[in-house]
Number of protein chains: 2
Amino acid sequence: MSEAFEFHLKKSESPGGPRLGQLRLSRGVVETPVFMPVGTQGTVKAITPEELQGLGAGIILSNIYHLYLRPGVEVVAALGGLHKFMNWPGAILTDSGGYQIFSLAPLRKITEEGVNFRSHLDGSSHFLTPEKVVELQRAIGADISVCLDECPGYPAPEEEVRRAAALTLRWAKRCLEARGDAANPLFAVVQGGMLPELRREQAQAFRELHFDGYCLGGLSVGEDKETTLAMLEVATPELPEDKPRYLMGVGTPEDLVEGVARGVDMFDCVLPTRNGRNGMAFTSAGKVVIKNAVYARDPEPLEEGCGCYTCRHYSRAYLRHLFLSREILAYRLLTLHNLYYYLQLMTEIRRAVAAGRFAAFRREFYEKRLEGGNTRG
Amino acid sequence: MSEAFEFHLKKSESPGGPRLGQLRLSRGVVETPVFMPVGTQGTVKAITPEELQGLGAGIILSNIYHLYLRPGVEVVAALGGLHKFMNWPGAILTDSGGYQIFSLAPLRKITEEGVNFRSHLDGSSHFLTPEKVVELQRAIGADISVCLDECPGYPAPEEEVRRAAALTLRWAKRCLEARGDAANPLFAVVQGGMLPELRREQAQAFRELHFDGYCLGGLSVGEDKETTLAMLEVATPELPEDKPRYLMGVGTPEDLVEGVARGVDMFDCVLPTRNGRNGMAFTSAGKVVIKNAVYARDPEPLEEGCGCYTCRHYSRAYLRHLFLSREILAYRLLTLHNLYYYLQLMTEIRRAVAAGRFAAFRREFYEKRLEGGNTRG
């Protein structure tokens, strides 16, 4: 366990049920459950750090795979670390890049020692080990680092999934060793594919190791929602109650609600930012596809009563015009609204858990979407 | 002359020399010489209205050709006019679209009555007259409207240039008639190609008509700099001393300095915004092409001592990383810096004219660029 990290569990309704907590990091206190906006390349796409702070974000996600390839870890370190480089005073969790190596790199070879891969940017050859990945994350000043993991594809043969999970566990132990006594908070990644008993077994095995938190990896990779949730249900009750659980790369507003219902404390996902740039806005009544002709003269904001900058100043008609004109301001305004929606949703979730009314909140959440004629964000 | 418009000439060093003035519009007072950021499609590209105000912009340029084609003037009007549509509380001057019809539309036919053209967006057919163009600009609530003009290509046969200039003058008279007693400030466009005596003759002819201001059109369309400046030199001394002169679509920082030296009061140009999006920053020492490898580890801001948001928070190394990663934030930050540079340059120009030291300012302006190893912005 690290000195620069403390997780304070404020409330837990039942093992594997909704929880309320606090991450106490050297760069501030973060209330959980929390959504972390994604800033893979050292910027949350289209948004300034001041705007992120204005939205109430206290922690963002970045990615050591991307930064290692470009601009290079030594560049970020020479410029004073990632926080200074990107002008972000809040906390940063860096993903290890395990998922990216297995999804983006055109060629890769895994050995016990580590992974050899080619850059998706220029084809250059690289070799990363668990130890190296810990070192890289420390070098850029991550507030929370993540162990190198092997993320199997989906679907994958059972033996592949078992081999990857076992390797991920052995690599995690090496990461812990490499971290040593340094004050660098380190999260493990629990894999296990879509095999419930393997997920449970892995969670149990990881439980014995003293990580600062536990990521649930390899989910929402193509499987159906029921499977994702079933995997959560077997894994979270086995993880240490006093450590945060982070569901990686997930998901829609519904996924956040369902994740919290199953004991998840942390989330990240590109959906609010990526969908914003693709012209899709999240609202409590469902999605708004801004290019639709129905909005051509619509004077209303994306969501009635929304307090975000976009909704306070711009009509759907104007946003549609900007989007059809491919104006950068369209991407900015939709991204701002979506991140506001996600962060606001998490605030409401925390309030509901604190008040012991999460079940009612969840019911109302779905009712609003049904009224909106749309059940999926 | 319109009630909603007043030009107060505060200082004029000599006929056709540097001037200091004030545009008094219903949406605020604008000090001249002024640079107007370009917001052709109802947004200054990549920037919010609040950011524009933070930069000190009091008036922006929009374009009735673009807005007429998309989203449509009736849409903008139905949404409460352009100011409300785009959330901009300052003044807006709309160009008539003369230049766009002649540079963007794939097919066009000019008659005495007006111009028939096809949209560059969807090929649809349109007919605009001088009267219609005045009406459209009024309908969206422009603070200053511009007469429909014919902008000949460059180079063009002398007879073509003469015919276009004469038609532009007849159209301008019809625009004035169409405006009538309405409180809609209207600027004429003085054409005349690269023929000095035609430019002088046109300026003299327009002088007799009571417009609120005079645009110098059809310049910086491919001719060399000396020719542009020579055209200004013959035209500005012939224009009414008590009316603002607006050099359309020009130009580099050097062009602004040289325009002011020749009696120009207003400028607009896409260079600060477009070049920003293309990775080029303007500085007092010349241009910074941010993708250059020399900036890979450069911890310095774009310009030492610059007070813009970008320079206060970000290194050249970070901006280079963002630009190479094609991050929207790169376009935002470079646009912000460039607009700041342009607006700051105009502030310095106004101070120099006010202090009676414009000649010295101009000399120092070029000296800094020579020291920077670059004489062209």
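## Two domains in chain A

Domain bounds here come from an automatic or database domain assignment. For chain A, that assignment gives domain 1 (5-100 + 128-269) and domain 2 (278-371). Their C-alpha centres lie 26 Å apart. Before going on, two notes: this is a predicted model, where local features need pLDDT of at least 70 and side-chain atom pairs count only at pLDDT 80 or more, while totals for chains, interfaces and linings use all residues. Residues are numbered from 1 along each chain as its sequence is written, and chains are lettered from A and ligands numbered from 1 in the order in which they are written.

So where do the two domains meet? Domain 1 of chain A puts 20 residues into the contact and domain 2 of chain A puts in 18 (two residues are in contact if their C-beta atoms, placed from the backbone, lie within 7 Å). On the domain 1 side, β4 (34-36) and α10 (253-261) of chain A each supply at least two residues. The helix α10(A) gives the most to that side, with five residues. Helices (H or I, at least four residues) and strands (E, at least two) are DSSP runs, numbered from the N terminus.

By class, the domain 1 side that touches domain 2 in chain A has 15 nonpolar, one polar and four charged residues. For these classes, Ala, Val, Leu, Ile, Met, Phe, Trp, Tyr, Cys and Pro count as nonpolar, Asp, Glu, Lys and Arg as charged, and the others, Gly among them, as polar.

## Where chain B meets chain A

Now for the two chains. 30 residues of chain B are in contact with 30 residues of chain A. On the chain B side, at least two residues come from each of α3 (73-78), α4 (82-86), α13 (316-324) and α14 (328-354). The largest share of that side, five residues, belongs to α13(B). Sorted by class, the chain B side holds 17 nonpolar, nine polar and four charged residues.

Take α13(B) to begin with. Eight of its nine residues are buried, so α13(B) is largely enclosed by the rest of the structure. A residue is buried if 20 or more other C-beta atoms lie within 10 Å of its own, exposed if 12 or fewer, and partly exposed in between, with C-beta atoms placed from the backbone. Among the buried ones are Arg316(B), Tyr318(B), His321(B) and Phe323(B). What covers the buried residues of α13(B) includes α3 (73-78) and α4 (82-86) of chain A, along with α14 of chain B. After α13(B) comes Arg326(B), which has a positive phi, near 55 degrees.

Then there's α14(B). Of its 27 residues, 21 are buried, so α14(B) is also largely enclosed by the rest of the structure. At 1.5 Å a residue, α14(B) should span 39 Å, and its end C-alpha atoms are 39 Å apart, which agrees; the expected span is 1.5 Å times one less than the number of residues. Gly356(B) follows α14(B), with a positive phi near 70 degrees.

## The sheet in chain B

Chain B has an open sheet of eight strands with parallel pairing, in the order β4-β14-β13-β12-β11-β10-β6-β5. Strands count as paired if DSSP finds at least two bridges between them. The edge strands are β4 (34-36) and β5 (59-63) of chain B, each pairing on one side only. From one strand to the next, the twist averages 25 degrees, with axes being lines fitted to C-alpha atoms, for helices over the stretch in contact, and angles running from 0 to 180 degrees between N-to-C directions.

Let's zoom in on β11(B). Five of its five residues are buried. Both faces are covered, with Leu186(B), Ala188(B) and Val190(B) on one side and Phe187(B) and Val189(B) on the other. Four bridges link β11 (residues 186-190) to β12 (residues 213-216) of chain B, and the two run parallel. Here Ala188(B) stands opposite Tyr214(B), and Val190(B) has Leu216(B) as its bridge partner. Strand β10 (residues 144-146) of chain B also pairs with β11(B) in the parallel sense, over two bridges, and Ser145(B) stands opposite Leu186(B).

## A glycine in a loop

Last stop: Gly58(B), in the loop between α1 (49-54) and β5 of chain B. Is Gly58(B) buried or partly exposed? Gly58(B) is partly exposed, with 19 other C-beta atoms within 10 Å. Leaving aside neighbours within four places in sequence, Gly58(B) is in contact with Gly28(B), Val30(B), Gly90(B) and Ala91(B). The C-alpha atoms of Gly58(B) and Leu329(B), 271 residues apart along the chain, are separated by 24 Å.
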